[in-house]
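Q: Please take a close look at the aromatic pairs in this model. I would like one connected account that begins with the overall build and also takes in the strands.

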Amino acid sequence: LMGMCPRAKFTRRNFLRTGVAAAAAVTTSGGAAFGATKRSATDWVTLGNSGVKVTRLAFGTGTFGGRVQRELGQAEFTKLVRHAYDRGIRFFESADNYDQMHEMLAIALKGIPRDTYRLMTKLRWRQDAADPFGALDRFRREMNSEYFDIVLLHNVRTADWPTELERLRDAFSEAKHKQILKAHGASCHGLLPLRAYPGNKWLDVCLARVNHDGTKMDNIRGDNDPGDVNEVTDKLKLVRKQGTGILGMKIIGEGAFRDAEQRQKSIDYVFKNNLADAVTIGYKSTAEIDEAIERINRSLNS
């Protein structure tokens, strides 16, 4: 205790009092003090006002329509899913038009308690408009689950999709009431549908394409043209403000960002601008899972 005033007394009571004060400093400083809790890619977060909690990083099964994941084969895909689960990723997302991925994911998750992970899928509204409940029942059989945490209208592309798909939206609302699903929403493909998202209170969850340079992002033309980063960013901020949960996709440009610095820039853009509650990334190796976790952790804590 060198350097103390000669008259100072350092008793056990003083020590405990000092320790309590230091702990309070950690709590009240918002994490600035020593011992602050770091945020992680595998934290459980709530998607907007939906009430559905997911891990901040999801396991996507739709890279190039699921081709990348299918070509792994069931055994390797199962190893990949189990590695993600063991690393703390507990949010798995798929879609009806990712051929075979419902069934492959069900096999990969077999034996894991259902209440320890979250499932999201997407309905092809063009094909299943006539019988949405029949489609949802089929999805539940394929994925061996009594319910889904989230179901989305897949690939909405028109400006008037809320009116055009009103019957399906009503069916999803009824399915939510029946506890077949816990939250509903839509996946966006284009600026026209995205412009109809702000103000749409039916959307519990929005799946939107977002990264730092517009690769595979929303625009007025086709998917291969550069996206309008500024407008997408502005719209997503409005959607977040209204309480809709946002799940970001195409964070790695559907694999286009081969440079590690590009991948980090994209992740930084999403999280440092607070554009999404969570993100989904597709993987073909355990190394890609580990890298995604590491880069998101770096972004969240820098």
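A: The protein chain contains 12 helices and 10 strands, where helices (H or I, at least four residues) and strands (E, at least two) are DSSP runs numbered from the N terminus. This is a predicted model, in which local features need pLDDT of at least 70 and side-chain atom pairs count only at pLDDT 80 or more, while totals for chains, interfaces and linings use all residues. Residues are numbered from 1 along each chain as its sequence is written, and side-chain values use heavy atoms, with hydrogens and water left out.

The mean pLDDT of the protein chain (the predictor's confidence in each residue, from 0 to 100) is 89, and 88% of the residues reach 70 or more. Over residues 1–33, however, the pLDDT is below 50, and beyond near neighbours in sequence this stretch has 11 contacts in the model, a contact meaning heavy atoms within 4.5 Å. Of the contacts in the protein chain with a separation of 6 or more, 73% are between residues 24 or more positions apart. Of its 302 residues, 50% count as buried, which here is under 20% relative accessible area, with exposed meaning over 50% and partly exposed in between (1.4 Å probe, protein chains only).

Turning to the rings, the structure holds 6 aromatic pairs. Rings of Phe, Tyr and Trp (its six-membered ring) pair if their centres lie within 6.5 Å, and planes under 30 degrees apart count as stacked, over 60 as edge-to-face and the rest as tilted. Phe-59 and Tyr-283 form a tilted pair, 5.3 Å centre to centre and with 55 degrees between the planes. This pair joins distant parts of the chain, since Phe-59 is in strand β3 (residues 57–60) and Tyr-283 is in the loop between β10 (278–282) and α12 (286–300), 224 residues apart. Phe-59 and Tyr-283 are both buried. The pair of Phe-172 and Trp-202 is tilted as well, because the ring centres are 6.4 Å apart and the planes stand at 35 degrees. Here too distant parts of the chain are linked, with Phe-172 in helix α8 (residues 166–177) and Trp-202 in the loop between α9 (191–194) and β8 (205–209), 30 residues apart; both of these residues are buried. Phe-59 and Tyr-283 also belong to one aromatic cluster with Phe-77, Phe-92 and Tyr-117.

Charged side chains meet rings as well, where a charge sits over a ring if NZ of Lys or CZ of Arg is within 6 Å of the ring centre and within 35 degrees of the ring normal. Arg-90 lies over the face of Tyr-85, at 3.7 Å from the ring centre, and the charged end of Arg-114 sits over the ring of Tyr-147, 4.2 Å from its centre.

As for the strands, two of them pair if DSSP finds at least two bridges between them. Strand β4 (residues 91–93) runs parallel to β5 and is joined to it by 3 bridges, with Glu-93 opposite Met-120 in β5. Strand β5 (residues 118–123) in turn pairs with β6 in the parallel sense over 4 bridges, and Met-120 stands opposite Ile-150 in β6. Because 6 of the 6 residues of β5 are buried, this strand is largely enclosed by the rest of the structure. Strand β6 (residues 148–156) is mostly covered, with 8 of its 9 residues buried, and it pairs with strand β7 (residues 181–188) in the parallel sense over 6 bridges, Ile-150 standing opposite Ala-183 in β7.
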